[in-house]
Every structure is written in C-alpha cells, then in structure tokens.
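Here is a short briefing for a reader meeting this structure for the first time. Look through the model, then follow the points below.

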Amino acid sequence: MAKKYRVVFNRETCIGALACNAVAPEVWELADDGKVDLKGGTKREDGKFELIIDEAQLGQNKEAADSCPVYAIVIEEVEEGG
Ligand code: SF4
C-alpha cells in the first residue's frame, strides 16, 4: 500500500540557507529573492505551501526537512480513507 505524505513549507520562516536546495534541488528551487520555492506546491490559506508526495520522494524531502536550520519544512503522513 503506497503511502502519501504532505510536505508543508513555511516560506515566511525560510532564511534562504539553501540546505534543502543542496539535498533536493529538483524540489527546492532557488527563487529570485534568495529563498526557495517548493516546486509544484500550492499556496494554502494560512500562507504556507504544500505538496503531496509519495514514498519515492520521501527520502530526499525528509533530508531537506532535517537539514533546514529554521524548521521551515514539515512532512506529515496523509491519512488514507475515512
Ligand atoms: S533549508 Fe530551510 S531556510 Fe534554507 S532555503 Fe531551505 S527552507 Fe529555506
């Protein structure tokens, strides 16, 4: 059973340390303002960005989350079904 995960990015908190970009550049793209953008992510009402990923993408994003010095990246497991 393939699990899904939700990557939540608080761009307000991001200080542009680029640790995430170093470990997963295809997801954490360098932006013009020196911060990063969560590629393919959508902006939520609370101002954070989120992206649903599968298990294959979990490793590198977990590494990105762990490497972020200001904890701007959080990964949650998505509950399946009701
Ligand atoms: S590691 Fe954290 S602070 Fe640095 S660019 Fe990535 S999200 Fe922003």
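The ligand sits in the largest cavity. A cavity here is a set of points, on a 1 Å grid over the protein atoms alone, where a 1.4 Å probe fits but cannot get out. Sitting in a cavity means that more than half of the molecule's atoms lie within 2 Å of its grid points. This is a predicted model: local features need pLDDT of at least 70, side-chain atom pairs count only at pLDDT 80 or more, and totals for chains, interfaces and linings use all residues. Residues are numbered from 1 along each chain as its sequence is written, and side-chain values use heavy atoms, with hydrogens and water left out.

**Around the ligand**

- The ligand is surrounded by 14 residues; a residue is near a molecule if one of its heavy atoms lies within 4 Å of it.
- The closest are Cys-14, Ala-17, Leu-18, Cys-20 and Cys-68.
- The shell has 13 nonpolar residues, 1 polar residue and no charged ones. Ala, Val, Leu, Ile, Met, Phe, Trp, Tyr, Cys and Pro count as nonpolar, Asp, Glu, Lys and Arg as charged, and the others, Gly among them, as polar.

**Positive phi in two loops**

- Leu-18 has a phi near 65°, a positive value in a residue other than glycine.
- Leu-18 lies in the loop between strand E1 (4-9) and helix H1 (19-23). Helices (H or I, at least four residues) and strands (E, at least two) are DSSP runs, numbered from the N terminus.
- Leu-18 is partly exposed, at 27% relative accessible area. Buried means under 20%, exposed over 50%, and partly exposed in between, with a 1.4 Å probe and protein chains only.
- Tyr-71 is not a glycine either, yet its phi is positive, about 55°.
- The loop between helix H2 (55-67) and strand E6 (73-77) holds Tyr-71, which is exposed at 67% relative accessible area.

**A residue of helix H2**

- Asp-66 lies in helix H2 and counts as exposed, at 58% relative accessibility.
- Asp-66 and Glu-12 are 54 residues apart in sequence and 18 Å apart in space, C-alpha to C-alpha.

**The sheet**

- Four strands form an open sheet in the order E4-E5-E1-E6, with antiparallel pairing. Strand E4 (42-43) and E6 stand at the edges with a single partner strand each, so one side of each has no neighbour in the sheet.
- Two strands pair if DSSP finds at least two bridges between them.
- E4 and strand E5 (residues 49-54) run antiparallel, joined by 2 bridges.
- Lys-43 stands opposite Phe-49 in E5.

Technical notes:
1 Å grid on protein atoms, 1.4 Å probe; cavity = no way out; pocket = protein on both sides within 12 Å on 5 of 7 lines; lining within 4 Å.
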